[in-house]
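I opened my notebook to look this chain over. My plan was to pick a few spots and write down what I found at each.

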Amino acid sequence: MIHLTECPRDAMQGIKTWIPTATKVEYLNQLLKVGFDRLDFGSFVSPKAIPQMRDTGEIVDQLDMGTTDTDLLAIVANQRGARDAVQYEQISYLGYPFSLSETFQLRNTNATIETSLHRVSDIQATAIKSGKHVLIYLSMGFGNPYGDEWNVEIVEQWVNALYSMGIRHMSLSDTIGVSNADNIQYLFSNLIPRFSDVTFGAHLHTTPDKWEEKVNAAYLSGCRHFDGAMRGYGGCPMAADDLTGNMPTEHMISYFDRHQISSSIDSDQLALALAKAATIF
């Protein structure tokens with residue numbers, strides 16, 4: 001069985017036009033009916049950096065968590081954000097973007113990789129004390145546009161460092177869409193056997209013609225946790241001016257359905273969510 005995380009936060013964060021809070025709440029409540037394992041719904045980060053997410057705290061208490069099995073995940077970039085997020089009982093996961101590119105780590109969180117490790121340690125301590133989990137997004141996980149060195153040994157080095165700190169949830173993130181079948185297979189087939197008690201996810205960005213080969217490569221390499229966003233909206237506004245869209249959730253579900261791979265998705269509620277997404281973005 002595969003596990004799906006829907007990422008409306010990733011879809012919305014780069015949109016410059018303000019999306020009303022009520023509209024976000026309505027959309028998120030529909031997504032909570034679909035049957036996703038996790039919902040990456042918002043972030044507790046600087047509103048100057050990501051203005052679209054400044055109402056995350058206001059949104060949490062308006063979400064209908066009473067009839068859903070979906071866990072909420074919020075992105076944090078430092079200890080202050082972690083402290084804000086753990087105040088909400090509804091939030092189960094704190095996501096932290098840990099870049100394998102020194103250049104992007106500075107650009108995204110204003111910290112070096114070494115400083116970022118200390119931040120993870122602080123965030124992990126805060127999460128444990130509050131009964132939350134930390135999920136590390138290994139951003140620039142499949143390469144970067146800045147010329148920073150990248151290979152499986154470097155990825156493994158940082159995975160091992162995070163593992164030694166007690167992190168057991170990590171998602172390889174293709175921040176700018178440079179993943180392909182070869183490097184997806186290369187990473188997952190090396191990392192999953194070595195760290196057998198880590199839940200590895202695939203947070204893939206893609207162009208419309210490449211999505212299926214990427215999902216196929218990840219699944220055949222042992223990955224069972226996948227992130228997506230309705231209709232492929234979104235991208236990382238801190239990485240490049242031209243956004244490479246998220247993996248379309250509906251395409252992944254069609255792939256898993258065709259290959260008779262089970263998930264917890266309610267197809268009727270999914271159709272309603274897709275229709276609502278088209279009115280928002």
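My entries below go from the core to the loops.

**Entry on the model**

I noted first that this is a predicted model.

**Entry on the core**

I looked up the largest nonpolar core. It has 79 residues, and F41, F98, I136, F226 and F256 touch the most other members. I then checked which element gives this core its largest share. That is helix α7 (residues 152–164), with 7 residues. Another core lies apart from the largest one.

Next I followed F98. Which residues does F98 contact, leaving aside neighbours within four places in sequence? Among them are Q105, I113, S116, L117 and V120. The list goes on to include I136, Y137, L138, S139, W158 and L162.

**Entry on α6 and α7**

I went on to a helix pair. The axes of α6 and α7 come within 10 Å and cross at roughly 30 degrees. Angles under 35 degrees count as roughly parallel, so α6 and α7 are roughly parallel to each other. Their crossing is right-handed. From α6, the contact uses I113, E114, L117 and V120. From α7, W158, A161 and L162 take part. I saw that I113, L117, V120, W158 and L162 are also on the contact list of F98.

**Entry on α9**

Which residues of helix α9 are buried? I found W211, K214, V215, A217, A218 and Y219 in that state, within a helix that runs over residues 211–220. I also looked for what covers them. The cover includes the helices α8 (181–194) and α10 (249–258), along with the strands β7 (199–203) and β8 (225–228). Just after α9 comes G222, with a positive phi of about 105 degrees.

**Entry on positive phi**

Most residues other than glycine have a negative phi. I therefore wrote down two residues that go against this general rule.

N110 has a positive phi near 55 degrees and is not a glycine. I placed N110 in the loop between α5 (102–109) and α6 (113–129). Is N110 buried or exposed? Its relative accessibility is 66%, so N110 counts as exposed.

Q260 has a positive phi of about 55 degrees, and it is not a glycine either. Q260 sits in the loop between α10 and α11 (267–280). Its relative accessible area is 78%, so Q260 is exposed.

**Entry on cysteines**

How many disulfides does a search of the whole structure find? It finds 0. I checked C223, which is in no disulfide. The nearest cysteine sulfur to that of C223 belongs to C7, and it is 13 Å away. A disulfide needs the sulfur atoms within 2.5 Å. C7 is buried, at a relative accessible area of 0%. C223 is buried too, with 0% relative accessibility.

**Entry on W18**

My last stop was W18. It lies in the loop between α1 (8–12) and α2 (21–31). At 33% relative accessibility, W18 counts as partly exposed, because that class runs between 20% and 50%. What does W18 touch, not counting residues up to four places away in sequence? It touches K24, P51, Q52, R54 and D55. I also looked up a C-alpha distance. W18 and E102 are 84 residues apart along the chain, and their C-alpha atoms are separated by 31 Å.

Notes
Residues are numbered from 1 along each chain as its sequence is written. This is a predicted model: local features need pLDDT of at least 70, side-chain atom pairs count only at pLDDT 80 or more; totals for chains, interfaces and linings use all residues. Side-chain values use heavy atoms; hydrogens and water are left out. Buried means under 20% relative accessible area, exposed over 50%, partly exposed in between (1.4 Å probe, protein chains only). Helices (H or I, at least four residues) and strands (E, at least two) are DSSP runs, numbered from the N terminus. Contact means heavy atoms within 4.5 Å. A nonpolar core is a set of buried Ala, Val, Leu, Ile, Met, Phe, Trp, Tyr and Cys residues joined through side-chain atoms within 4.5 Å. Axes are lines fitted to C-alpha atoms, for helices over the stretch in contact, and angles run from 0 to 180 degrees between N-to-C directions. Angles under 35 degrees count as roughly parallel, over 145 as roughly antiparallel, 65 to 115 as roughly perpendicular and the rest as oblique. A crossing is left-handed if the near helix is turned anticlockwise from the far one by less than a right angle, and right-handed if clockwise.
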